[in-house]
Amino acid sequence: MMTQGLPHRLLAAAVAALLVAAPLSAAEGCYQPVPLRPKDAELIRVSGELEDQFVRRGDVLTSGPALDLVRRVGARVAPAHPVDDYQRFRFGVIDSPVPNAFALPDGQVYVHSGLLAILENEAQLAGVLAHECMHVEGHHGILGARDARRKVGGMVALSIALGQWASLVNIALVHAIIGYTRDLEQEADLRAIDRVVEAGYDPREMPGVFALLDLDPEGESVRPKTATWSDHPLSEQRSQYTTQVLDGMAARLESLEKEGKLETGDAGFADAVLPLARRAARQYLAADRPRTALVLAQRLVEKHPDDPADQVLLGDAFRQLDARPAVPPDTEMTKRAKRAKQKERATKTASERAMQRLGAETGKAPLEQNRAHARAAYEEALRLQSVHPGALEGLARLSEAEGLLVEAGHYWSSWLESAPPGDPLTPTAVQHLKDITRELNAKQQVKP
Amino acid sequence: VISVRRAVLAMLLLASAASVAARSWESPAFAANERRPKRIAILAPRAEMVLARVNDAVPFVKETALIEDAVRAEAASVLRGLGYEPDVESLATARLSADPELKDLVTKLEIELGQLADVASQDPRDIRAGRFTVGETAAPVAARTGADGFLWLESQSIVPSKGQRALGTVMLALFGSGGVPTNQTSIVALLVDGHTGELARVSSAVVAGAVLKEPGPIGAKAVRSAFQDWPSSTTVRKLTRRQQRAHAASSEVASTPAAVAEDEEASARAAFEKAAAAAAAAPADDAERVEGRDDFAPAGPGLAADAASPVETAAPVATPPREAPVPEPPPPPVPAPAPAPSLAPPPPRSDDAKASWDLPESSRPAPSAKLAMQMLPGGPALVVRNSTREPLRVSVELGAFATIAPDAEQRFEASSGSRRVLVVREDGAEAARVSVLLGPASLASVEILPAR
């Protein structure tokens, strides 16, 4: 039986309007005890199981200075006495290059290694962790799930009643759910400011985090122009409203600063996250996102100009850029171009995309520049450390790409000289050397 | 934690896949058993399981662990039964946690494989044309584990709630569309050749069953279904003509062995030195090479700029290394023609190495000596030994000449990069010349030998 006709349409429109209007009344967290309903308890149970899963799958760091840092800062921003017994605050690091952080309703707070890699000091980390703590303290996960269940339940009932008009309700539903979540995000941002101050960190570092989160070196992120269809406020908005609040606190913050009660925590931060930053950059290279890797490598080189490992990372990023400009040109930044790039990633392999780039006339100039930069970085690494396997490998691969077989062979040969016995790259290096030799011999054979 | 969107997407995917219980695609090399991995290391499987309710979705976490364990064990068991050597230990999470270097290599492999899986899922038939490869990323993992193939397993299970089923029934009754959702578990298995990085086999399956009650057995059932037409380790499939054509086209794919013997490494280096010296003796090659480098205007010490000057020596011969025996090197390149005796009078003796080096080819005498080179660890430096019967004067990188008596040798310190070696006789006539590429830790042993 199909349900059609004016009354149904009016009903659908009315319900849709109601749902659209729902997020206009701002959602709020609850910072008092919240008794668990059966489905909330399920959420808490699943959260605990996820903690085990992260460990079992090796998704979390189990030791190291970065984990110690996160736990130390987390302990300063977490509430001393959680309001519910199912909340127990603990902090971890997820091994993922994606800059993100999240909290589970039972008090687990995680920050991704990729976010740690781009933060600049402890105060920024404190801002991130305080934001996540507020999600837990305000029971945002539980309230958000309750809200979504209620709205989806209503949607299902309406869908049955309205038949083909159900799609209208669907749109309104999505809007209503993400609107609720967005409000809670804003609440967490604003409440985190006070917590950061209480913990003795400078909250004026917080707006900078939003700018960092907004980085899109690849030029592939299609961002909405308004927050209407986003579950988070836009980064500019977040930066704007936090700055506004901080401006209102300026006198107090200055006074606290003079008393030495606010710190940014620069000392030791970069060293603690250094291995994660390098690992994140390597992961971006593996995922064929060399522009992001380049940004990370450039930051590392800026901080540690005398470290050959960072120079090699920089060289690798430039080398993998091949025919891509280091900064995406305007033509790549349109919504259509970004969508096209996303589609290409889904339908073409990395080598197919590379071949396409290398075959394009527009890629010649960036290719030359990137190769020159890569070579300079590798040579700088060799200047800093006369035998550096990573630099030799990079130069060997670069020379091969340029068709300089003899040069490439010498670098592979030097790599083999310097590599420790049993290095897993040895078979690859020997194979390259054999291939180069074969090609050189073949060239000699064909000569008159 | 809860994603309605993910649950809905998964349901749609499963619904579309449900019509096909199990499918598989193989590369021709795998089918023909020419390049078929035998020792297969199993990457940690990933499983997801979701209870899809009418108004939300809840992940099952504990159950996914059971599925992952069962999937790994069943895949190993099936492969063992087919005559393969499955390896469930080398890439286990605990092992990787204890070995950061291996973990980095495996993470890289998994990232690339994950991306490749997304593309391959669009048109898995292209595996027959060798379109899907992770290149050299697999080889270091193979070298570390001794495996020659890697198995990547991913499973998804959807458990519709009672409400969800009831809703499906109502929708079906009211509108005649949709259907009653049932438990479904899907699995995708990718086999990667550890030597070539090529995707050797893709298989997928969808099975029904009470996965919530029996996660392990259902996971195992999904594996058996996906592996049902997996050939035994010795089976050779007959290729269709199309497959044969594809196979012929992809048979040249670069293959990296899992390990190389020490003497193989030395042999490869010696063979390369020989080929490089021969190439250096060929002016045309040098011209091409210099042209290539000039385009890029590289920063730092130029390695090829010196090669602009053609080398007139006979092809240097790589001597065996001192520490390791060298097996028979590959066939030597076509030898350069023997130098014709020069009728032109020798140019006057000069102490200016640059002027001598810059002499046009037509003004130079035919080489009276040849240079044998060997790259050794140490340096960067050159050790030049005079094995002729006359004293010779040697200039390195156009520096001052040093006279080396017969059977004597002299060490020249040099920085890394391409370094010119000019050998002249006492009367000033050029005897030989060559450019040597010094690595940061290379000691070039250059022996001057009579041309005949």
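How many residues does the contact take from chain A and from chain B? The contact, meaning heavy atoms within 4.5 Å, takes 75 residues from chain A and 83 residues from chain B.

This is a predicted model, in which local features need pLDDT of at least 70 and side-chain atom pairs count only at pLDDT 80 or more, while totals for chains, interfaces and linings use all residues. Residues are numbered from 1 along each chain as its sequence is written, chains are lettered from A in the order in which they are written, and side-chain values use heavy atoms, with hydrogens and water left out.

**Between the chains**

The size of an interface is often given as the accessible area lost when the parts come together. Chain A and chain B bury about 6800 Å² between them, 59% of it on carbon and sulfur atoms, where buried area is the accessible area (1.4 Å probe) that two parts lose on being put together, summed over both. On the side of chain A, the residues that lose the most area to chain B are Arg57(A), Glu417(A) and Pro424(A), together 9% of what that side buries.

The count of salt bridges between the two chains is nine, a salt bridge being a side-chain nitrogen of Lys or Arg within 4 Å of a carboxyl oxygen of Asp or Glu. In one salt bridge, the side chains of Arg279(A) and Asp104(B) meet at 2.2 Å, N to O.

**Aromatic rings in chain B**

Phe30(B), Tyr84(B), Phe227(B) and Trp230(B) form one aromatic cluster. Rings of Phe, Tyr and Trp (its six-membered ring) pair if their centres lie within 6.5 Å, and planes under 30 degrees apart count as stacked, over 60 as edge-to-face and the rest as tilted.

| Pair | Centre to centre | Angle between planes |
|---|---|---|
| Phe30(B) and Trp230(B) | 5.9 Å | 85° |
| Tyr84(B) and Trp230(B) | 6.3 Å | 85° |

Buried means under 20% relative accessible area, exposed over 50%, and partly exposed in between (1.4 Å probe, protein chains only). Phe30(B) is buried at 0% relative accessibility, Trp230(B) is buried with a relative accessible area of 4%, and Tyr84(B) counts as buried at 4%.

**Charges over a ring**

A charge sits over a ring if NZ of Lys or CZ of Arg is within 6 Å of the ring centre and within 35 degrees of the ring normal. Over the face of Trp357(B) lie Arg433(B), at 4.3 Å from the ring centre, and Arg420(B), at 6.0 Å.
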